[in-house]
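Subject: A structure for you to explore

Hi there,

Here is the structure I promised to hand over. Please open it in your viewer and keep it beside this email as you read.

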Amino acid sequence: MKAIRRFTVRPVLPDTLRPLAALARNLRWSWHEPTRALFDSLAPEGLAGADPVRVLGALEAPRLTALAADPGFLARLAAAAEDLDAYLHRPRWYQERGSGDGPAALAYFSPEFGVAAALPQYSGGLGILAGDHLKSASDLGVPLIGVGLLYRHGYFRQSLGRDGWQQEQYPVLDPGELPVTLLREPDGTPARVTLALPGGRSLHAHLWIAEVGRVPLLMLDSDVEENAPGERSVTDRLYGGGSEHRLLQEMLLGIGGVRAVRAYTRLTGHPAPEVFHTNEGHAGFLGLERIRELQREGLDFDAALETVRAGTVFTTHTPVPAGIDRFDRELVARHLGDDGALPGLDTARILALGDETPLGGEGGVFNMAAMGLRLAQRANGVSTLHGAVSREMFAGLWPGFDADEVPITSITNGVHAPTWTAPEVGGLGPDASDAELWELRRTLRARLVADVRDRLRASWRQRGAAAAELGWTDSVLDPDVLTIGFARRVPSYKRLTLMLRDKDRLRALLLHPERPVQLVVAGKAHPADDGGKKLVQELVRFADDPRVRHRIVFLPDYGMEMARGLYPGCDVWLNNPLRPLEACGTSGMKAALNGCLNLSVLDGWWDEWYEPEFGWAIPTADGAAAADEERRDDLEAAALYELIERRVAPRFYDRGPDGVPAAWTAMVRRTLTDLGPKVLADRMVREYVERLYVPAAAARRALTPDRARELAAWKARVRAAWPGVAVDHVEIGDDLAEAGAELGATPGVRVRVALGGLSPDDVEVQAVTGRVDAQDSLTDTRTVALKPAGGPDLEGRQPYAGTLELDRTGPFGCTVRVLPAHPLLAHPAEPGLLALPDDPGTGGAGPGGAGVLLR
């Protein structure tokens, strides 16, 4: 028989033990070892290491009675409760900044959050990053509100079939067994948000709150009795379902998320967010809901749009157009129009925000990233290289500007050290000797070996093996052998099987008589990605070979709990994506915090911070070799084997008389002391605060309703007049000698500009100088603002003048351009308008070209 309804029965805690409930419900325990140790001491047999909510639920009444009478335990409990209270309420970095210019609150929207294994609401790096962002914001005292969805089936649990094919299971998650609480109205009824859907339908959602230290994480749950079956399943699983299902998820996240924030601030008194941070395009509809709110307060669409943009930050994580969510325009119009979730908003204006045709895309498609960028005044990629890739990728939204001027900056991701650093590494003193450091590395490696054997046995039993067949697993891996880790999602660009390119050469590395290598591999393919599943199967079949299965293992169901042991236990962390398709990649950062050395393609964060003292860079193919996929992978796999065989393994096994590899431990030490501080999420969140959140809050505060209307009207006036703006005549360097220019010369620039009815206050005229390449394109550019030089001439053209400074030798060039100018613009390219000289007779050039060459 099957139950028709399920309940979670919680124990009734004696008054003296009530603080246990607060400690269990606040996910700070997931990165606070003393709190974890307290609950580990309570765990019944079989629940060692389980999350505190499960531990509390398993305690029987006699055990609770005994604990309530135990003075020693009560003292430990009181100390833990007092420590949590101090953490939650004492001023931290954000409160002690002193400037007082930070936003009173911020809302951070993400489709997934990887906070702890006990709250499985993540699929991979995007969610783990979001979880680390929340945890570091909590540690720093940044007043963040997280907003996401509560998926009743999470992502999926991965197992393997007998043939190595990935299988998926979707266990039901009962919120009563999770560290979450239901947000309720004063009368005790659940708080609820509702979205109108086409055809008179409604989508209702309850709001669950996870306490991530000081940060509340609001998660919307559509599993509500009032919903029809289709709407009830909207939050069934992460990244599941067809196009309409995904659209409903993203509507609930963005539109419903804003309404959830409003309900939360109303019921708790928490300050309303001044800044909204959209973590990837999935949550982009939040900007439309905020426009709707402002229209109800009396602003028109354009003024509301300017207000929303001022207080919005958009982070893009994808370096390829295929990674962006895109929907049919008609589907979006139907769901967001007057018969849908956003009545009163101009549907044509909504669709224009998602138009991807300037990016070379399709006219019938709504692009979530394009909308995200148009709705945010500040945007960023997640590494320096990814910022450059993003500027190229989205340059079409700012026509006429060179890619390096596109207003997308970068803030390199980071990882939350208390979550990912083994306690023993965190407790390692700066004066630890090489021998102590090496012994710690062996201890962590041995712990990983034991964990791998347990997981491997469990995996084989799931695959149908009998216990009597599994004696060989007792000798899998060796705590004294060089251990390389590779664990991540399995899209094709991450190249899970590059290591298998030459199987004979890999076997030789694994079985080397003097310098053997062992590999621990894990990863999940998306359930709909049969190509990824084939890669997993290929790897598993190789690892099943009795000749090498003691040296290479594939562990199914990669997740946070596995990762916490994997990073500290590996000596080398391998990453071999197709460059530049790894936007950042943070697994190697987590490994580095534990003294694990990186062996990676120069992509993402490793391109930015690689030094030979921290690890090794895998050479990548270029030119014609890169265009041929087979040849490219052959070359890069050969380079990987060469590095391991000739440089990595010899350094690991080159031991001194004391048995310690001095050169290796020196690299471990440099990784911990020099690289470790760079990869921290605390550094990342501080950068978001100083570079994006504080300026966004200032811009939002400056945009009163009247200023918003004025800015919107100014933009409309400038756009209407811009076809009449032109650079009519340019004189550059006429006072130079015919032979050219000398270093330090200051040639003059004079230009006449048709302003098309605009005033000089509406524009800025610039001379742009720089080096010129063989095609006369300007590089390494600098700008000089030119000043009005008298009144308009008889034809109404405005003269401008200025001087250049020739401070570099070699080919040097200059052009002139006109840009809109307004004090409330965050970036000169923001309006996407630019006028350049286009007649060679003027001495000018088109976009990116040099007007005059000074050699």
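Below is what was found, going from the whole chain to single residues.

**The whole chain**

Please keep in mind that this is a predicted model. The chain contains 27 helices and 27 strands. Its radius of gyration is 30 Å, close to the 29 Å that the globule rule gives for 855 residues, so the chain is as compact as a globular protein of that length. If you draw a box around the C-alpha atoms along the principal axes, it comes out at roughly 95 × 70 × 50 Å.

**Two pairs of packed helices**

Start with helix α10, residues 301-310, and helix α27, residues 705-721. Their axes lie 8 Å apart, and the angle between them is about 110°. Angles of 65 to 115 degrees count as roughly perpendicular, and therefore α10 and α27 are described as roughly perpendicular to each other. On the α10 side, the contact is made by D302, A303, E306, T307 and R309, while α27 brings in A708, R709, L711, A712 and K715. Sorted by class, this contact has 4 nonpolar, 1 polar and 5 charged residues.

Now look at α17, which packs against helix α25 (residues 662-675) at an angle of about 80°, with the axes 10 Å apart. By the rule for angles, α17 and α25 are therefore roughly perpendicular to each other too. Here α17 uses D434, L437, W438 and R441, and α25 answers with A662, W664, T665, V668, R669 and L672. The classes in this contact are 6 nonpolar, 1 polar and 3 charged residues.

**The second largest pocket**

How can empty space in a model be found? Rolling a probe the size of a water molecule over the atoms shows where empty space is left.

The second largest pocket has a volume of about 1300 Å³. How many residues line this pocket, and which of them lie nearest its centre? The lining is made of 48 residues, and A117, A118, R157, D557 and E561 are the ones nearest the centre. At least two lining residues come from each of β3 (157-160), α17 (434-462) and α20 (560-569). By class, the lining has 23 nonpolar, 13 polar and 12 charged residues.

First, find P580 in the loop between β18 (572-575) and α21 (587-592). The peptide bond that runs from R579 to P580 is cis, with omega near 5°.

Next, go to L477, which sits in the loop between α17 and β15 (482-487). L477 has a positive phi of about 65°, although it is not a glycine.

Finally, look at D236, in the loop between α7 (229-232) and α8 (243-268). Leaving out residues up to four places away in sequence, D236 touches Y151, R152, H153, G154, H245 and Q249.

Enjoy looking around!

Best wishes

Methods. Residues numbered from 1 in each chain as written. Predicted model: local features only at pLDDT ≥ 70, side-chain atom pairs only at ≥ 80, totals over all residues. Heavy atoms only, no water. Axes fitted to C-alpha atoms, helices over the stretch in contact; angles between N-to-C directions. Helix = DSSP H or I, 4+ residues; strand = E, 2+ residues; numbered from the N terminus. Parallel < 35°, antiparallel > 145°, perpendicular 65-115°, else oblique. Contact = heavy atoms within 4.5 Å. Nonpolar A, V, L, I, M, F, W, Y, C, P; charged D, E, K, R; others polar. 1 Å grid on protein atoms, 1.4 Å probe; cavity = no way out; pocket = protein on both sides within 12 Å on 5 of 7 lines; lining within 4 Å. Points joined across faces, edges and corners; volume = space filled by probe spheres on them. Rg over C-alpha atoms; globule rule 2.2 N^0.38 Å.
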